[in-house]
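Visitor: I have a few questions about how the terms are used here. Could we look at the model together?

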Amino acid sequence: MSRPLPPDFPLRSHLLPRLFEESRRAGWIAPERVAAIAYDLRIPAAEAWEVAAAYAGFYTSSKLTPEPACGWLACRMAGSPGDGHCQFRCYAPPASGPEDLFPAGMVRQAGPLLAAVPSGAHALQSARLMGRDRALEQVAGSGLRGRGGAYFPTGSKWRSALAEGRPLALVVNAEEGEPGVFKDRALMSLVPGRVAEGIAIAAFVLQPNVLVIFANGHADPALASLESALAGFDTGAPIAVYRGGGGYVLGEEGALLNAIEGRRPVPRTRPPYPVQAGLFGMPTVVNNIETMANLPLLFDDPAAFARTGIETAPGTRILSLSGRIERPGVYEVPIGTLLRDVVERAGPVVQGEPAVLMGGPSGGFLAASAFDTPLAPGPMHPTGAMLGAGGITVLDAPGDIRETTMAAAAFNASESCGKCTPCREGTPRLRDALAAGDRAMVEELGEILEFASLCGLGQMAPGPARSALHFWPEVFA
Amino acid sequence: MRLDGREVEPFGSLLDTILAAGIPLPHLCKDDALPVIGACRTCLVEADGRVVAACSTPATGVSECLTHTGRVTRIRRGVLELTRAMQSGPPSQTGGPCSAETAAALAAHGIEQARYLPRNAAYSDSSNTFFSFHQDACILCGRCTAACQDLQHIGAIGIAGRGLGARITAGTGGPLSASICTSCGSCVAACPTTALSPKE
């Protein structure tokens, strides 16, 4: 850890940082080291072990050298032989070696978020001049919706948490664990001042007693960039920085909060919602990095923000494009832009027809016939495609469809946290049913996963399979 | 609220209200002595048209709850079939005091065998003097670990691993006899299967 946790953090909440440190030091986490860390933190060994063993990025049986090569879509298309986790550099496949700062040349289209930051932190000053109540109204009135992928109105989330009383926690989610998405890294690397100012604005309005930034375990350069920018801002509460051991399920707020608390990173049942009782039982706001980056825009030029995007979802969205295209990278576009425009700008290089996987392994495919769909919150197609966190992988249809569908199904099965039965038992069976071409079983399991799973990972896992069968049934015949 | 067509007073969670009304509903991970876990997903019902787990849904605020629509019964049965596929042997109830619960839920939904290939669940641990653990009957409901960690505050066992790799483990993966288990028996008392069974 680059900085110690604030002194009032409970002992158990040191568990993930200690495991992360040990994993970095030794390349793996031996059982006797888990027991020793547990002893230090006065946690039973079994409770530390279930945490250590839950993260895909922590090796608990032996050191793994070299790290498995990236096995996600763009890298596989570029010839990566690996089956490892996405390394979030789909813009330069095949990814290898440690991460670097996000390259400025990979910003293919910049908007207000990715444009160079004017110095001076005027937005924070404006917010302070307004006072907390009016600044809260400014955020709520702007119509800003959360950029983690669920698009919940940011102002409503803040109001709900503030209405619960104090103490209150703010958790900034920079875990970015969805394969094919690298926009948080772009923001932290290239415009850290804007992200830091956004965090300072959120901290001014919410006055959190606890402020956590949860960063992806591999994103060292992006995190260092953000931390140095944050040094120039007063955020009130000291900042606790957490690093993860990987895990798609950390996109679920309860799992993220459990991870910080030193518990097994599995979803929590709702209610209570995090805004009611979240981190350490406090009312908690969990916001994505890109949401933070939007906040200064609401104070610098609210009219421009309101003019961009669509009425129900103003602003821009940073898309992460990869796959069979000439110009991979990040594209910042107004929400509501047609998918076709973006794909054409990226320059598909395909033998058959271009197609996309939208929203990653929780989303779904769209064939070229459906490209005239606006990129907006909510379903983009009834079979699964959605904007989500803005990941778009361009594929060659039908050539890439089967392998991509199988990769998404295998990903969901391996990332299932194992807590609830439908997801744990259903995602591998969905993968098997797809491989066997058993369409009836895919549909049966799809319904169970969608309606019975505890969290979004299982609920949305059927999307790639359903959409592939809808657009290209012959591929699975 | 209206529950399966009759007027009832909402009471605690939907599950509490349903059970108080005498309507049978499986709830394999919800133990009276333990807080909500929400892992087994077998208490699914329709609340105002949405499929929800009854255990974690407050009854207040729901105006109509249906426990046996075609859709929710089909999905619940599907979850139970996936649950059955975790167990390799025939349903048995020769374990602790709750060990009949899973077999009863499976029987009530007419499930004898799952159509799925069995999962690899060969781990067992007979190192404790008083009870043994057999993974091939375990449905990972989490009641035993909740009883050990949150009720008894011992923490001898946990659930380690993700996805199909998840299983009940003692300490840092060793046998029960090498852990801090005090043989209190709370895990065996909570188990809704024969995975944790008293020794003869």
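Predicted model: local features only at pLDDT ≥ 70, side-chain atom pairs only at ≥ 80, totals over all residues.

Visitor: What makes domain 2 of chain A and domain 3 of chain A count as being in contact?

Guide: By that 7 Å cut-off, 23 residues of domain 2 of chain A are in contact with 23 residues of domain 3 of chain A. On the domain 2 side, the touching residues divide into 13 nonpolar, four polar and six charged. The centres of the two domains, taken over C-alpha atoms, are separated by 27 Å.

Visitor: Why is helix 11 of chain A called largely enclosed?

Guide: A residue is buried if 20 or more other C-beta atoms lie within 10 Å of its own. Nine of the nine residues of helix 11 (residues 253-261) are buried, so the helix is largely enclosed by the rest of the structure. Among them are Leu256(A), Leu257(A) and Ile260(A), as well as Glu253(A) and Glu261(A).

Visitor: Which elements do the buried residues of helix 11 of chain A pack against?

Guide: Their partners are helix 1 (15-26), strand 2 (169-174), strand 3 (210-215), strand 4 (239-243) and strand 5 (284-288) of chain A.

Visitor: How many residues does each chain bring to the contact between chain A and chain B?

Guide: Chain A brings 35 residues and chain B brings 38 residues. On the chain A side, helix 16 gives the most, with seven residues. That side divides into 20 nonpolar, six polar and nine charged residues.

Note on methods
Residues numbered from 1 in each chain as written. Chains lettered and ligands numbered in written order. Domains from an automatic or database assignment. Contact = placed C-beta atoms within 7 Å. Nonpolar A, V, L, I, M, F, W, Y, C, P; charged D, E, K, R; others polar. Buried ≥ 20, exposed ≤ 12 C-beta atoms within 10 Å, placed from the backbone. Helix = DSSP H or I, 4+ residues; strand = E, 2+ residues; numbered from the N terminus.
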